[in-house]
Amino acid sequence: MPIDLEDEVLQDFLVEAGEILEELGNQLVDLEQRGDDKDLLNTVFRGFHTIKGGAGFLALDPLVALCHIAEDVFNLLRNGEKAVDAHLMDVILPVLDSLNDMFDSIRAGEDPADADPQQLENLRGLLNTDSAAPAASVVTSEPAADDNDITDDEFEAMLDAAAGNKPAPAAASETSDEISDDEFESLLDELHGSGKIDTTQASASTEKPSAPASTESASDEITDDEFDDLLDQLHGATGAPGANDKKQVAEPVKAEEKAPAEPEKEKKAEKPAAKKVEKKEEASKPPKTSDKAAAKEPAAATETTVRVDTKRLDDIMNLVGELVLVRNRLSTLEGSVENENMSAAVSNLDVVTADLQNAVMKTRMQPIKKVFGRFPRVVRDLARSLGKEITLEMEGEDTDLDKNLVEALADPLVHLVRNSVDHGIEMPDVREQTGKIRNGRVLLKASQEGDHIELTITDDGKGMDANVLRGIAVDKGMMDEESAARLSDNDCYNLIFAPGFSTKKEISDISGRGVGMDVVKTRIVQLNGSVEIDSTLGNGSVVLIKVPLTLAIMPTLMVVLGSQTFALPLVNVCEIFDLDLDKTNIVDGQQVVIVRDKPVPLYYLSEWLANNFDRDSLNGRGHVVIVSIGTQRVGFVVDELIGQEEVVIKPLGAMLQGMDGMAGATITGDGNIALILDVPGLLKKYARRF
Amino acid sequence: MNTRVLVVDDSSFFRKRVTEMLNADPRIEVVGSANNGEEAITKTKELKPDVITMDIEMPVMDGITAVKKIMAALPTPILMFSSLTTEGANATFEALEAGAVDYLPKRFDDISKDREDAKQLLCSRVKLIASRRGQTSSSPVQAQKRDVTPVKKPLFKKKTVKGNYKLVAIGTSTGGPIALQEVLTKLPKDFPSPIILIQHMPGSFTGAFAGRLNTLCKIDVKEAEDGDSLLPGHAYLAPGGKQMELIQRGREIIIRITDPKPGQTYKPCVDITFSSASKAYPGKVLSVILTGMGADGREGARALKSTGSVVWSQDEASSVIYGMPAAVAEAGLTDNVLPLTMIAENLIQSV
């Protein structure tokens, strides 16, 4: 069937099934721990069942074929005819990956490829409970997509069922301690008595399938193409919200709480007989709602959530951005006009704009859980394939950040976590020998610190040896022995983010090609974030990532070079001071300034970015902005400092696309255009040492 | 008045699709939807729909439990959406037993390759079962028990001689699974003749249905296989998606299962099996047409009559859908019109 992405039916399917798939990922990992949890098994069964149903409607046969067998497997499991074991999980989990791949194909507008016959075969192998074992050979020859036929196997199962071993209907008594969306729904239903008007909309969860995920899980390294994609995405994300809409689907704006819907009127009209029942229900309700008058009120607010296409949110964000620009412009104008009323109005506008900006940003916020959610699976699979024993802990999963950031962070985080598991944590035996517990620990933590988000990935593995890293840097010809020796230990750890640096002697399929970390860093820096690593030999490593809360609006430091205004992202700026340029030293041909006993290389931004610059015009004095990139610091000499300003990032036009050192442009408060500098890119392009 | 429908499914995707398909019919109006059984019960009480479409697999409360509760609280015609699997079949039979009127495959492609046809079938099915409203009670069987005043003596129009029949043939469609269950469970293990059953049903269902009947009945029930000989006290259910005929092989009469020919609407088809039976046992067949939509069985009954066999049909009051029994009755082919609860008794007396 040709895939028509415009088709609303298909979109509906992708949204719903995508949500289910995402939940399935977590549920399956949970299942490994709680294999006898009936409710969980039922939920997983229904998950496959629902996807199959939708896929069947759309004639997506490969999906149907795969889900059909998975459904059968879980039917056996939920009926207690088979038990969950590691082998089963090894077969089932890749099914999820295949489904995800098929989804990606569909999202890309392609027909999904047929399921791997081997995989179907493996799955069918699981269908054989002991009694049905002889039928195996017959079963395997059955065509996959055919669910009209009863296989011998099924017939056996049916006979079993007929013989009195009848499968219990899936009357799910909710005893599990984990609450799924559905269960939450039902809880709400119970709470508010029977009679919700329509939860169709309300039940739409916030989950959304994120496309890049499976790309990453499918291959361990980031290819050039992917990297390009990634950069494209970034440009889209930073500049033109909506440019990467292809992958986005409608996403609900979450209201604080789902309001109860109480069809009291309906109920009143009912016969006395029904009333008795109703009274009972009411008695079990919280006292507040048992009051009829009070109960009537929430009835008005039936639906408090609405699905909104992210494109709309992007548009709104864009408009708010424009508003911020106008506000900036007005603030500037206000300074030149002496009018008290004007000032009051402008400062009012200032407050409202800030609030609006915050409010809109909140609508775009998503919990980082969306990214974290996949890690239990990633860690589990990897640990299993490496023969390691690892516990993954997660903290601050509810930390909210911009949707685009959530998506953009997914791949780098996966890479870093894989790295921790692969390189960080030792084999269980080695751990025991060094006096550690066999079980390694990886901690994934997110928290909001002021206007940025901090993410840490901590492992209690072997840590890194600074001297080994120095040696590698020399071996790879990245620096000579002397400069390597001069590096601080911390600098050495951060060498792993350098291009072409890999400590692994052999290339494994997990990591060790020396491509990943470099890309990880580039990507995070592109998000105006930073990444650092610290380590203690023998005790593990910590990777610290900082990213801003949002990508659309950025606090900057405005500086002037020549006659032009430029904006330096404030995240990079450490300090500003005036400098007597004569008090600088030349080391190895590079001008440096000593800041608190540390030499900091000094660059003249005007030399790079302004016309006809002459150092002498500075008359020996200059404004220096110290910026940090990772652990490194450099000083930029600028002509003039304007001050701090929040700017809305606008993408550069097609002609300037891909210019090194420029992150975008913005309109300043005085109505001029300022280029936003991309510090790492700038250094890479102009400075010798970067 | 429009047929008011409540759509119950845990998948918003399906709720939406079913709603779209139903709302496309100007005579049908989807008045609400529910995403689990519990909500379905509440909505049923609240909206009092004419028809409910019900999924089986749902969280909180599954469709079967919901059917039971709805039929107990506020009997409403329910159309089940089933997976065409063994598991789906068993669940569907449970739902039918609980009081659901009919079922359709959840994969619309299984209804018809043409989406438009599937839509029309769904809509016509919904409208038809809506017309049953008022006659539905907690269970069709119980309803009939209540509705029908016990008839002491079988209502024979024509004297039949016991032992005159070599074969009992029963054909049915909508409402048939429960009707067959009602009839066959009452037959003793030593029922003197073989029974052939033709129930319109998809291929993946008949095996499970036969198995189910076999556990419930004293007589043996199996899905007919090619080459089966006909034994007394055994019932042979025509496999879905195929055609069943009786043929002479040597001195014996055996079952022949063939693939359907293009253009045959019903698989299995009552007409085809009945016609073959009329040749295999001329004048020696007692045939019964039970509840069902359409007119399949009329031509088969005509063939049977022409060789002197006997045709009974279910009465209107006890039929879930009075289509097939009406067709034979209106064609003047039926010898005896019986309420469902009387059929087994009459079979025992006559055969």
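## Chain B at a glance

In chain B, 72% of the contacts between residues at least 6 apart in sequence join residues that are at least 24 apart. This model is predicted. Chain B holds 13 helices and 14 strands. It has 351 residues, and 61% of them are buried.

Start with strand 5 of chain B, residues 102-105. Which way do its residues point? Asp102(B) and Leu104(B) point one way. Tyr103(B) and Pro105(B) point the other way. All four are buried.

Strand 5 of chain B has a partner, strand 4 of chain B, which covers residues 78-82. The two strands run parallel, and 4 bridges join them.

## An open sheet in chain A

Now turn to chain A. Here 5 strands form an open sheet in the order 4-6-7-9-8, with mixed pairing. Which strands lie at the edges? They are strand 4 (390-395) and strand 8 (530-536) of chain A, and each pairs on one side only. From one strand to the next, the twist averages 15 degrees.

## A helix across the strands

Helix 18 of chain A spans residues 375-386 and lies across strands 4 and 6 of chain A. Helix 18 runs at about 165 degrees to strand 4 of chain A.

## Two helices side by side

Two packed helices are described by the angle between their axes and the distance between the axes. What are these values for helix 18 and helix 19 of chain A? Their axes come within 10 Å and cross at roughly 30 degrees. Helix 19 of chain A covers residues 403-424. Angles under 35 degrees count as roughly parallel, so helix 18 and helix 19 of chain A are roughly parallel to each other. Helix 18 of chain A passes helix 19 of chain A in a right-handed crossing.

Which residues meet here? Helix 18 of chain A brings Phe375(A), Val378(A), Val379(A), Leu382(A), Ala383(A) and Leu386(A). Helix 19 of chain A brings Val414(A), Val417(A), Arg418(A), Val421(A) and Asp422(A). By class, this contact has 9 nonpolar, no polar and 2 charged residues.

Notes:
Residues are numbered from 1 along each chain as its sequence is written. Chains are lettered from A and ligands numbered from 1 in the order in which they are written. This is a predicted model: local features need pLDDT of at least 70, side-chain atom pairs count only at pLDDT 80 or more; totals for chains, interfaces and linings use all residues. Two strands pair if DSSP finds at least two bridges between them. Axes are lines fitted to C-alpha atoms, for helices over the stretch in contact, and angles run from 0 to 180 degrees between N-to-C directions. Two residues are in contact if their C-beta atoms, placed from the backbone, lie within 7 Å. A residue is buried if 20 or more other C-beta atoms lie within 10 Å of its own, exposed if 12 or fewer, and partly exposed in between; C-beta atoms are placed from the backbone. Angles under 35 degrees count as roughly parallel, over 145 as roughly antiparallel, 65 to 115 as roughly perpendicular and the rest as oblique. A crossing is left-handed if the near helix is turned anticlockwise from the far one by less than a right angle, and right-handed if clockwise. Ala, Val, Leu, Ile, Met, Phe, Trp, Tyr, Cys and Pro count as nonpolar, Asp, Glu, Lys and Arg as charged, and the others, Gly among them, as polar.
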